[in-house]
Amino acid sequence: MHLLLSRHPAHCCCCLEKLLLVLVMLSGDLVAAWDLDLSDGVHRIQFSHGTTTGKRLVCVNGQEVIRKDWMFKLVGKETFVVGSSKTKATIKIEAVGGFAYEYSLEVDGKSLQRFTHDRAQTTSTWLLNVDGQDCRVVLEKDTMDVWCNGQKMETTGEFVEDGTETLFSLGEHECCIKAMSTGKKKKAIVHLLLLDGEKVPASTQ
């Protein structure tokens, strides 16, 4: 593998860090990876585990957050935070017999599957293209906070005849999230995103 380094010190340092990360990933110690869906984006979590040295390396979105080069105990936990909300995540390392190990991710004390399921009940997500740019809009139903591509949006809330409206802008476009009653007990309120008055289909992710 060849790497062309700039003469600029800061750039060289950055390149060396990236090279180190690549070399670690190529060493064969990468054992698990997960995608964690939060309001500020989908975060990629990677875990490298050296089963001879006990080395543990956790990377979030390609950035190293935990490194332990020598660990006598090969099983255990590594806890860190993810995203602007500082969501607590824990990687569990468990022996499953012989020299085999199982790796699982817990988020806020729940399995990743359970966290994702619960989060789907408290958020709504829309994927749309605005003026050639892909946008991921997330509504947190409990706080009515709105996020777009990792940024918390400035919003204005209004009460209307059939519910509430949360207003914000994407560039030159007017957006509105309408919260309306369905009259049903199982799903009492439905949220719709309108872009310049046109309904945007909700994402299934």
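Start at Leu36. Leaving aside neighbours within four places in sequence, Leu36 is in contact with Gly41, Val42, His43, Ile45, Val82, Val107, Leu112 and Phe115. Contact here means heavy atoms within 4.5 Å. This is a predicted model, in which local features need pLDDT of at least 70 and side-chain atom pairs count only at pLDDT 80 or more, while totals for chains, interfaces and linings use all residues. Residues are numbered from 1 along each chain as its sequence is written, and side-chain values use heavy atoms, with hydrogens and water left out.

The largest nonpolar core has 21 residues. Those touching the most other members are Trp34, Leu36, Ile45, Phe80, Val82, Ile91 and Leu105. A nonpolar core is a set of buried Ala, Val, Leu, Ile, Met, Phe, Trp, Tyr and Cys residues joined through side-chain atoms within 4.5 Å. Buried means under 20% relative accessible area, exposed means over 50%, and partly exposed lies in between, using a 1.4 Å probe and protein chains only. At least two residues of this core come from each of strand 1 (30–38), strand 2 (41–49), strand 3 (56–60), strand 5 (76–82), strand 6 (87–95), strand 7 (101–107) and helix 2 (112–122). A second, separate core has 15 residues, including Trp126, Leu128, Leu170 and Cys175. In soluble globular proteins, nonpolar side chains tend to be buried together.

Now step back to the whole chain. It holds two helices and 17 strands. Both kinds of element are DSSP runs, numbered from the N terminus: helices are H or I with at least four residues, strands are E with at least two. Of the 205 residues, 37% are buried. The accessible surface comes to about 12900 Å², and 54% of that belongs to carbon and sulfur atoms. These areas come from the Shrake-Rupley method with a 1.4 Å probe; for residues, only the protein chains shown count as cover. Among contacts with a separation of 6 or more, 28% link residues 24 or more positions apart.

Next, follow strand 9 (residues 123–130), where Ser124 is found. Ser124 counts as buried, at 13% relative accessibility. Not counting residues up to four places away in sequence, Ser124 touches Val137, Val138, Leu139, Lys141 and His191. Strand 9 and strand 10 run antiparallel and are joined by eight bridges. Two strands pair if DSSP finds at least two bridges between them. Leu127 stands opposite Arg136 in strand 10. The hairpin of these strands has two residues between them, and Asp131 there takes a positive phi near 55°.

Strand 10 (residues 133–140) is largely enclosed by the rest of the structure, because six of its eight residues are buried. Four antiparallel bridges join strand 10 to strand 11 (residues 145–148). Here Leu139 stands opposite Val146. Met144 counts as partly exposed, at 25% relative accessibility. Asp108 also has a positive phi, near 55°. Asp108 lies in the loop between strand 7 and strand 8 (110–111), and is partly exposed with a relative accessible area of 45%.

The cysteines come next. Zero disulfides are found in the whole structure. A disulfide is a pair of cysteine sulfur atoms within 2.5 Å. For Cys135, the nearest cysteine sulfur is that of Cys148, 4.2 Å away. Cys135 counts as buried at 7% relative accessibility. Cys59 is buried too, with a relative accessible area of 0%.

Finally, look toward the end of the chain. Five strands form an open antiparallel sheet in the order 13-14-15-16-17. Strand 13 (156–160) and strand 17 (198–200) are the edge strands, each pairing on one side only. Neighbouring strands of this sheet are turned by 30° against each other on average, direction ignored. That angle is taken between axes, which are lines fitted to C-alpha atoms (for helices over the stretch in contact), and angles run from 0 to 180 degrees between N-to-C directions. Strand 16 (residues 189–195) pairs with strand 17 over three bridges. Leu194 has Lys199 in strand 17 as its bridge partner. Val160 is partly exposed, with a relative accessible area of 27%. Val160 and Lys178 are 18 residues apart in sequence and 9.3 Å apart in space, C-alpha to C-alpha.
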